[in-house]
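Good morning, colleagues. Please turn to the sequence and structure on the screen.

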Amino acid sequence: MKKFNIRKVLDGLTAASSSSSATAQPGTPRENDVVQETLQSEHFQLCKTVRHGFPYQPSSMAFDPVQKILAIGTQTGALRLFGRAGVECYCQHESNAAVIQLQFLINEGALVSALADDSIHLWNLRQKIPAILHSLKFNRERITYCHLPFQSKWLYIGTERGNIHIVNVESFTLSGYVIMWNKAIELSTKTHPGPVVHISDNPMDEGKLLIGFESGIVVLWDLKCKKADYRYNYDEAIHSVAWHHEGKQFVCSHSDGTLTTWNVRTPAKPAQIITPHGKQPKDGKKPEPCKPILKVEYKTTRAGDPFMVLSGGLSYDTVGRRACLTVMHGKSTAVLEMDYPIVDFLTLCETPYPNDFQEPYAVVVLLEKDLVVIDLGQIGYPIFENPYPLTIHESPVTCCEYFADCPAELIPALYSVGCRQKRQGYSKKEWPISGGNWGQGTQSYPEIIITGHADGSIKFWDASALMLQVLYKLKTAKVFERARGKEEKPNTDIVDEDPFAIQTLSWCPESRMLCVAGVSAHVIVYRFSKQEITTEVVQLLEVRMQCEFSEVDSPDPGGEQTPTLPTPGASSSPQESELPTQPSTGSNSSDGPRDNIPCLQVRSSPLKQSPGNQVELVIQLVWVSGEPPQQITSLAINSSYGLVVFGNSNGLAVVDYLQKTLLFNMGTSELYSPSDPYQRQPRSPRKAKPSGATCDSNDGSNASEDRCRSPTSDARDNSFTRSRSSSVASIDRESREAISSFHFCESFPRKTDSLVSPCLLVGTTHGSVMMVALSLPPSGDQRLQQPVGIASCGTLVKLKGGILTMALLDATGTLLPPFFEQWYDPNASDEEKEKSRKRRPASPPSSQESQDTHFAILCSEKQAKVVALPSQTRIYKHSITETSFVLRADVVQMAGANCIACFCANGHIMTLSLPSLRPLLDVNYLPLTDMRIARTFCFSNLGQALYLTSPTEIQRITYSQETCDNLQEMLSELFTPVETPEAPNRGFFKGLFGGGAQSLDREDLFGETAAGKASRSLAQHIPGPGNMEGMKGAASGVVGELARARIALDERGQKLGELEERTAAMMASAESFSKHAHDMMLKYKDKKWYQL
């Protein structure tokens, strides 16, 4: 966990920055004399908090059966640890090498990881943020397999050369004891046995080590005598080996799909050979070979037959069949099909002791993109319901929004509708990975994350208290007809795949109104209801946003036939603006260009809508004269006004979703007033067409593929088509001017206004900010019957780079959020509706002083400006970056004040005070390595932010000093003190006749006094980070004094016991000698010397 402490670093720059870049206009008082700014650099610090989601590209897995903790390693060197629901931890190896194997020091709060770069690391899990205590880097040999016996401090490491080295996990030093491959195999063997693929000790005799070589040779090595007891040969390569708990038999899995069972004392041939998925020929010949069995586990039970669990081994004729896990129990064989390829699996057992009946109860299966736990105790082997948020990537994430400090009743409301969507048929038992404890966090405010996906689904997540839990899933594709086959795929699609993918969304938490825009140029408005309804006909509005082409680029074939849409400010009834659902007036014939045809077809059959978000209105942009509609680049909804506004590179449109009418449809260039100094002249020499019908375009010749890619396609990742910005504008200055940002507010639309009124701020990719005045009828029935008036008021200000975010402050520096309507259930009774409506906020005041009382906060890809309203004079300006550009900017609340938070393409995260734009934080955090980060990065209130760090994981960060200080308390705890279960009872007869488990004093064998020192050039020891947390961990971890004292005590007790036995034996021997001497004396007592 890397922390960035920048306290007071920027304080010295504040005065210079304020005087040079935040200059005041002549005649305007310095506003910081009026607005008291409380935020200082001490309030900010940047650090990662938690990572959620499925571990990206998993490669290995381990489980602590006493602590009940699961560890997963990945191909990028990440380590994810899971306990009970809400207990998660993320660590990262610095080398980023793949984790090939993990081994818990069971119930010791430690973990050994082996990496593909031939290094092993000891992690201390007794602290909330795990740290590496020791590392060992092998120089001459490649690590292939590791084994750490239960309650042992000696780690066996097998290598590619076939040798086995032994490491003391306390000191992380190599023992001089080495098992060389040429000593393990028979001298007559002429070929190398291959890498070590398995190491395990005999469950009943720790002195006997079973070594599996890839070529098919298995050796039982006597550690004391330093020689091979038995050698087992099979002509197929070995993938894994598993012991029977009594230590008399073991099973090997092979590359031809066979399982061989060997009796330890009969190495000549296997006791049994089976091919679980092979077809048995009738003539008694060998069954046909199958795919390799990659892993097998052999687990016994007291009451019944043993379990044999294996992955792979399917016959070669099952081409295209999904990966399977096979569970063999007695005479029954269950083949469990998985959704993704199997990476690894582990059988969870009741006991950690390998020499006892294992009593397996579950199987954890790690798939490439999922984690499945199977219940072995119920008929049919049902799976457990997974409590972790591992379904973020169920469909690729295309957009993301983060809402901190939401209304308190929102999460229960979403959960109540989402719990009805849960699948049935899960195991009734508790989730078996149940270790760790939740953090004692002080954060109690509700947080919600919304993710939009490529399949058109939207997920609402509860992100409170550093946890993540899915609340509710909405499928937007249900609104549209689906093509049943490739032949029926409509040729009006403007994307090759994922036509329902979510491009951007706008959500009002207070009213629960949701508006989403998809890649097929469609917008859907949703209301929230707790009651199920059936919608007979989905309300549809089709909008024609036409481009006017330059004559040089291409002709305008159907321009004269363009229907004129309502002019700005005019009303339009649903009949006038709503085109038919079926394109009866459109043309899609082979001999003419497509016209008036939407990209998707809204379903014509009744739509059953479950409780939750229910469709209010569907808006679709249509093809115009053979040109596909442009994708939507910006979107906003306002529940108080009943309006939805969206824009693209053609212009913007305003829709009244209460009256289901199009109010305003204007090209970007027409938003500039005729006397506007910022007006951009259109290239085309043609006369402008009727307002609202068409719009000017700088470049109408772009191929549809260039602007209508799916967010999940490779080409899509090369552009920043995001909800609030089109950062391509920063690179390609000749690109078409698109709408990039909206903000509804109550302010002064014109310089001459003395009264505040509803208005809309519009930002473009070329840095212009325009003001649009809104005239709303009175609420009630008049609102549903009278038209909404709209008028463009020209340009407010111009900035460098595309506009990313806008906000409004009052004269005291308090944020003025857009007005909203409190939520009420649209399907409730009229009485309940009236009760809900009475709780809505009163209408805004109709008059205020004509003095400058508002500050418009405007942030672009390059700079930020503060403009006073209604005078429209610039108060402050700050250049954010010259060499890079801002990807995401948000005006957020923090420590009772407001600031602008920015994320730049060069990796810097910055915050600026409001309204004076003083730099408060500037940290080089994360250079942009993937367009996914740019598409999903978002800030929220109270110092929270997040982004998609991989296709399957969300990384949450904080820029709040208070949160960083409290992070240790808020994080969950992995290690909890638990008593290790008692060892199995040897029984009277086994104790009497020497049966049962045989112990081994490994210290005598592997210690320096007996085995000597290992070669220094073989491996290099690297101590872990010497921070205080690491020292604390070392003091309390497995290598701490307590553990050493306990081990020493055990060893001392063992040695004392041995000494007592030796003393008893010597006493017996002395007594025997004394008796023998006495007998001899009596025999020769009376004899003379010559009689002897």
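I shall speak about the nonpolar cores, then the cysteines, and finally one serine.

This is a predicted model, in which local features need pLDDT of at least 70 and side-chain atom pairs count only at pLDDT 80 or more, while totals for chains, interfaces and linings use all residues. Residues are numbered from 1 along each chain as its sequence is written, and side-chain values use heavy atoms, with hydrogens and water left out.

A nonpolar core here is a set of buried Ala, Val, Leu, Ile, Met, Phe, Trp, Tyr and Cys residues joined through side-chain atoms within 4.5 Å. Buried means under 20% relative accessible area, exposed over 50%, and partly exposed in between, with a 1.4 Å probe and protein chains only. The largest core has 35 residues, and I448, F460, V479 and V618 have the most contacts inside it. Its largest share, five residues, is supplied by helix α3, residues 410–418; helices are DSSP runs of H or I of at least four residues, strands are E runs of at least two, and both are numbered from the N terminus. A second, separate core has 26 residues, among them C899 and F937.

Turning to cysteines, a disulfide is a pair of cysteine sulfur atoms within 2.5 Å, and the count is zero. C146 is buried at 2% relative accessible area, and C508 is buried at 9%.

Finally, S747 lies in strand β47, residues 739–747, and is buried, with a relative accessible area of 0%. Its side chain makes a polar contact of 3.0 Å with that of H854; such a contact is a pair of N or O atoms within 3.5 Å, where within protein one must be able to donate a hydrogen and the other to accept it, and residues adjacent in sequence count only if both atoms are side-chain atoms.
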